[in-house]
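Hello,

Here is the structure I promised to pass on. Please open it alongside this note, and my notes on it follow below.

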Amino acid sequence: MKSISFIICATFLFGSMAFSQPTKPIDISWLQSDQPKLLSMMARSISTQEELNGTSLSLTTLLGGWHAQAIGQYKDYVYVAFSDGKLVDAKTIATKKEQSQAYGKLWVYNIKTNEGKLIDLEKGYEHPCSIQVTGKYLTLALEAAYGTNQMVGIERASASVIQIFDLEKDPFCSVEVSRITQNDMNCGGAGLTYSTQNKCWYLLADQDFSNGRVALYRTENENLTTWRKDPIAYYPRFGAGAGLNLITATDQSIWGFYYNTNDEGMPSIMNLMLVGNEVKMFKLVEPNGTPVDKREVITQIVSIGAPLLKSAGELLANRPGMRFGAGIRIEDGRLELLMCQRNMANNFKIERVKLDEVERTQVMFVNYAKARGEINVTSQTNTSQTNKVQKVQTESWTGWLQSPVKVDINYMPISTKTLSSLSVPKWTDAFDATTKAPLALFYLDGEPAKGQVKEFYATKMVDSKK
C-alpha cells in the first residue's frame, strides 16, 4: 500500500477557545427509508439559474483552457475553483516526471457587490477537484497530476494537498487553518464535517486511485490541526471524487454524498442522448464514532438535461460533479444544492436547487419520434397546475407539479401521404399514466410513435470497508 505523507499546518490555532457546532445537522429522518426524503427533495425542488458577471474581473481571462471544477458559497461569497487545461507545459515536457509549476485558480465572487477576485492556489497543484463549505470553513482538494497533459503522453508526479481555510477571518482564503498533504498520490475530492457528540472532525478524501478507495480521516479532538496520521477506514470509490461532501445528521451519525452524471439506461436516438445528474448517499460513521463495516449506498437521479450530441453527452456522463462541482450548502437555515457550468463565458452560470419538502414530481418530456409530440400534464391535487406542451423531434420540456401527476401523451404523424391525399393529420393517443415519483421521464420514440415512461426512485446497493 502506498504510504501517506501527512503534514499539518495552522496559521491560526484554536487553542482553548470555546467551540460551537459549525453547521446545523440534517434531520436524520430525511436520510433514512427506501426513498430518503433528502434525495426526493433534490429531485422535486425547483432549480433556478443565475449569472455571475463581476465588474472587477473579466471572465475572458480564464478562457482558453481553464475550466470550472468545483463550487461553494459562504454568506455573500461564491467560490469557483478552476483547473489549468493547457496542453503544453514546457518544463514538464522536458523532465517527463516533474511536478508542474502551474497554479490552480480560485475565483471569489461577491453576489451583492458583483465583484470578483482571482486567487492563485498552491503552486504545483494545478487541478483543484472539490470544494465544501462547512460552517465558516472551506475545504479544497487539489492535485498535481492532471488529465490533458497526460492525454498527450506527459506523465506528471502524483501529489495532492487538501487545504482548509477560515472564511470568517478572511473570505478570500488567506487564512489556512489546516492541511493534509499526500506526496505520492492524487486526491480527487474531499468533504469535511464535525460531530458534537464525539468532539472531532471527519474528512472523506478520494485519495487512493490505484487501489480504488476513498479514505476516512478524523481528528483527535475539536482542533482542526489534530488529524490522525492514518485513515480510520477505507471504502470503495465510485469514480472521480470531485463531488464528495460530508454532513452530520441530528443523531450525530456521519453521512457522505457523491455527485456525478450518468447516462445509464437513458433513451437515445441517432447521435443524440440524455444525461442525468445523480446523487449517491451513504452512512459512514455511527453516532458513537464507529465507522460502518457495510456501507448502504442509495442512489437517486435528480435531474436530466436536454438531449445532447453523443460525444458531448458521453464526456459529461464520465466527468465528476453534476456539471460541474456540485455541493450541498447548509447555511443560516438554508439547504440547497449548488452546481456550476464547466466552461467559462462572458457570463458564468450557476444553478441553485433550494431544497424543500413539497410533494412535487419533476416531469421531463422528450420527443424522439418522427412525429409531432404533445404532453398534457395535470396535478391531481392542484388542478391549477396544468401544462400542454407540443414538441418536434429532439425537443424537450421539464416542469414541476404537485404529486401525483396525470400525464396524457399524443402524437401527430408527419407524412407526405397525408398531405397528398388532402387528409387532415390527427392527434393519436400514445400513452396515459399517473406518477408520484420524484422524477419521471416521458418520451416518444419509434414509427409509429410509442409513448414510454421511466420513473426514477432511489436504488440501493451494499459494499464493505476495503
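Which residues does I26 touch, not counting residues up to four places away in sequence? They are L31, L38, I247, T248, A249, T250, I328, I330 and L335, where a contact means heavy atoms within 4.5 Å.

Before the rest, some ground rules. This is a predicted model, in which local features need pLDDT of at least 70 and side-chain atom pairs count only at pLDDT 80 or more, while totals for chains, interfaces and linings use all residues. Residues are numbered from 1 along each chain as its sequence is written, and side-chain values use heavy atoms, with hydrogens and water left out.

On confidence, pLDDT (the predictor's confidence in each residue, from 0 to 100) averages 84 for the protein, and 82% of the residues score at least 70.

Helices (H or I, at least four residues) and strands (E, at least two) are DSSP runs, numbered from the N terminus.

Now the charged side chains. The whole structure holds 24 salt bridges, each a side-chain nitrogen of Lys or Arg within 4 Å of a carboxyl oxygen of Asp or Glu. One of them joins E50 and R352, at 2.8 Å from N to O. E50 is in strand β1 and R352 in strand β23, so this pair ties together parts that are 302 residues apart in sequence. E50 is partly exposed, at 24% relative accessible area, whereas R352 is buried, at 6%.

R329 and E331 form another salt bridge, with their closest N and O atoms 3.4 Å apart, and both residues are buried. What links E50, R329, E331, R334, E336 and R352? A network of salt bridges connects these residues.

Notes
Buried means under 20% relative accessible area, exposed over 50%, partly exposed in between (1.4 Å probe, protein chains only).
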